Each structure stands twice: as structure tokens, then as C-alpha cells.
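Student: Please take me through one part of this model in detail. I would like to look at a pair of side chains and how they sit together.

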Amino acid sequence: MRVQIAARSYSHQSRIIDQPESATYEEPHHEAPTDRVDILSSSVTKRFLPWVVAAALFMEQLDATIVNTAIPSIAASFDVTPLSLKSVVSSYILALAVGIPVSGWMADRFGTRRVFSIAIIVFTIASVLCGLAVNPEMMVAARMLQGLGGAMMMPVGRLAIIRTFPKSELLGAMNFVIIPALIGPLLGPTVGGLIVHWFSWRYIFFINVPVGIIALVLVYRYMPDHASEHKRPLDVPGLILFSSGTALLSWLLEVFGEHTLAPMTALAVLCVSLGLLLAYAIHASNAQFPLLRLGLFRIRTFRISVLGGFVTRMGFGGLPFLLPLLYQVGMGLPAWKSGLLMMPSAIAAMGMKLFAQRLLKRFGYRQILIVNTVCIGVTIASFSQVDSATPLAAIAALGLMQGFFASMQFSSMNSLAYADIDAKDSSMASTMSSSFQQLSMSFGLAAGSLVAGWYLGNVVKTEPVLVTNALHHAFLTLGVITAASSFVFLRLKSNDGESISRGVVAE
């Protein structure tokens, strides 16, 4: 009886969740449509939905980095130089930057289940095309298609979570969703290296086929179909301005430090990208239905969560780039052992979900984010003490702490973003959060390569001692930057986020 009442209450909410404020709700006199909603809002759906979304996001995040270690093998197969295949990596990032902003509009118009299913189908087909590629041009085209499929997964999957779970249960669900974003980039180079070592590089893409089929079946069984009853038109000018600006900026950050890009060329690209984003901001302030409603940044918790993540990721985002250099070049470890040293962070990220909700309920978002940000900075700086004489057990322990604090950080920031968001704005908030998160990932990698390149200077990269010293200085610098970013979260109030951590509705 209690389950029926809860389900019926949720079905009532799901119908009015996206109605305009002026609309009124009338209880329907027919019962047939409520049956599907009652089923989808059951405890079974809540149990499996986070796993479905997490599995799809893991597949998308893994493919963002897994191809990096396979570039030499792919280049040999195509009889080209590895440097010429940089577009294979950057094309995926560009497609993500272009596709994410429009995904929220698609979910509102066509429903979360349909769009998420299409995303998985596109991603899986593109993976097959990548594995069957016979030249670089076909590979780049397939990677762009794969990126477009992945772009729809992140915001639409997160939107389904937000609209299925009440705010008091949102943190527990988001703990599952944040894990792929953390461990995907860490495991990508390791998994890619092992596959290339034992099999052909083509299996890097073929492994997505069974995962995609299983995910598609689970989506049709457990993914609720949330759609907006208020169909807003697509902001085509805004899409062109914002997507072009973010694509150019993402490309610049992606290739920064890896190509010999002339300073004036880099400056010109930066100015053009920032000009396009500024033009979008002006356009959005005057548009009736903007692609991304920047007015949501007036909500303090959303603004601090999204923009605070930018600063925090400046330090943490460089670790997937710097740690393999330290382990393999500085310490002389083989690739497989270097990959294993990345595993403790992934294990800690998964274990964090057992403690996050209790800690946030006990201490609150403000205190957790301030202290935890400092802890991340300290652990990053601690890698400056790691060298060839450091016991592997100590490195693994440091990785465990790093994974725990990082997972706690991003789980807190991602859930806090929706603490004060109205239900009718959840789609827009999810799209904006995903867009800025994608940019912050590029910023983090660029920051890592910039700082490391600054300290390396003209050092020959095969000199382990000099490389290790330069990386140690880079870890100290990034650690200080990350710890200093805790000041961003001082703007939070002690009771911010209680609607999520304690189920208390804010006034």
C-alpha cells in the first residue's frame, strides 16, 4: 500500500515537472497512462537506473582516453606518423563540445529514454566503424560520430537521475554516476595498453559492442521517459555561437603543449573562441529561448558548484597526464606496472560512496568542500616526494587517499549544483553543468601539460632525474593551486545543500 501511494505521488510530480509556471494541473480521469509511470517510478527502477547511466558514462569516459596508448599501433597500421593522428583524439573532444549543449533540448523534446537509446546506438555503431577504419580519414569521421553519441549520454543520463530521484535521494544516486568520470580517464591508458599488447588495437573499439547492447536492453527496461510538455524551439544562432566557441577552445586546450603551435596562432584561436563565447552571452541575454540560460548562474549554489569545479580541476585534471610520466619516465617502471599504480584511485573512488552521504549530512557541503579541497591539494603536492626509492605500497596508499578525496569532491559539487534548481529547470541545469564540466576537463589537462612543460624547459625527456625533478615542482604548483581554490567555497552558507544531504527543503 505504501509503495502504491509513493508511486502515485511520483506520477503526479512527473506530469507537472516541466509545465510552464502559468500552467495549471488537472488530475486525469483515465488510469491507463499512470500504469507505465507507476512501474518506472518503482524501487526496481531506482535500483537499476544509476547502474545503467553509470555503465554508459563509463563507456563514454573510457573512450576519451583509451585510444591514446594505441596511437603508435594505429599509425603503424595506417602507415603514417603518430603525430599525424592527433586529430583522432581531438575530433572526439570536439564532437563532445559541440554535441553536449543541444542534448538537453533533445531530451525535453523527444524524451530521455529515446534520446539515451539513440546515443548508445550511435556510440556503438561508431565504435564498430572505428574498429573497421582503413585510413585516418575514416577513423576521424567515426570518432566524431562516436563523440556525438557520447555527448548525449552525460547530460541526458544525469537528467534522468535528477527527475527520477527526489532531492533527498539524489546524492546516493549521483555517487554512482560520478564514478565513471573519475576512473574512466585513469583506466583508459591502462586498458588501452593491455589490449594493444595482447590483441589488435581494433579491439579497443570492438569491446564497446557487447557493453552497448547490454546497456540498450537495460535502458528500455529501466530508463524512465521524461519529456517536457513545454516544447521550446531550438536556439540555432546560440548553438552555432556556443558550440563553435567551445569547440575551438577545447581544441586549443587539447593540443596545447603537444603540438608546436606558434604563439600568435594560439593567441588568435584563443581570441576567436572567447569572442564567440562573448557573442553567445550577449545573444543569450536577449533571446527568449536561449540554448543555455545563463541566468541560472544567479543561483548561488549552482554558480559556486559549476564555476568552483573549474578551479579545482586545474590541479586534479592534470594527474592522468603527469602520473604516467612520473612512473614510467621518472621511475623507469613498465607500462603495466604504471597502470596498476593508477588502480588504487579507482578503487577508492568506488568505496567513497559508502561514506559521502553520511559525511555531508554530518558536516554539510560548505565544510566538506573547503576541507576536502585542501586535502586534494595536499595529496597532489605529496606526489612531489615520490621517486624511484619510494615503496610501491606507499604510492598505492597515496593513490587511495587521492581517489577518495577526489571522488568526494566531485560527488559533492555535482549534487550541490541541483540543490536549489527548480524541477522545470533541471534539463537546462544538467546541460549547462555537463558543458562546463567538459571544458574543465580540457582546462585541467592543459594546466598539467603547461606547468610540467614550464619546469621541463629544454630538458631531454629521457633523463629520468631531471624529468622527476621537473614533475616534482609541477605537483607542488598544482597542489598549491588546488588548495587555494578552497576559498571559492567560502561563499557557501552552512545550510546550503540540505535539501540533498538531509532532505530539508530550503526556504
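Tutor: Start with Y203 and F206, which are 3 residues apart in helix α9, so about one helical turn separates them. Helices here are DSSP runs of H or I with at least four residues, strands are E runs of at least two, and both are numbered from the N terminus. This is a predicted model, where local features need pLDDT of at least 70, side-chain atom pairs count only at pLDDT 80 or more, and totals for chains, interfaces and linings use all residues. Residues are numbered from 1 along each chain as its sequence is written, and side-chain values use heavy atoms, with hydrogens and water left out.

Now the rings. A pair of aromatic rings is described by the distance of the centres and the angle of the planes. Rings of Phe, Tyr and Trp (its six-membered ring) pair if their centres lie within 6.5 Å; planes under 30 degrees apart are stacked, over 60 edge-to-face, and the rest tilted. For Y203 and F206, the centres are 6.1 Å apart and the planes stand at 90°, so this pair is edge-to-face.

Next, accessibility. Buried means under 20% relative accessible area, exposed over 50%, and partly exposed in between (1.4 Å probe, protein chains only). Y203 is partly exposed at 44%. F206 is partly exposed too, at 27%.

Look at another pair. F78 and W201 have ring centres 5.8 Å apart and planes at 80°, so they are edge-to-face. F78 lies in helix α4 and W201 in the loop between α8 and α9, so the pair ties together parts 123 residues apart in sequence. Both F78 and W201 are buried. F78, W201 and F205 form one aromatic cluster.
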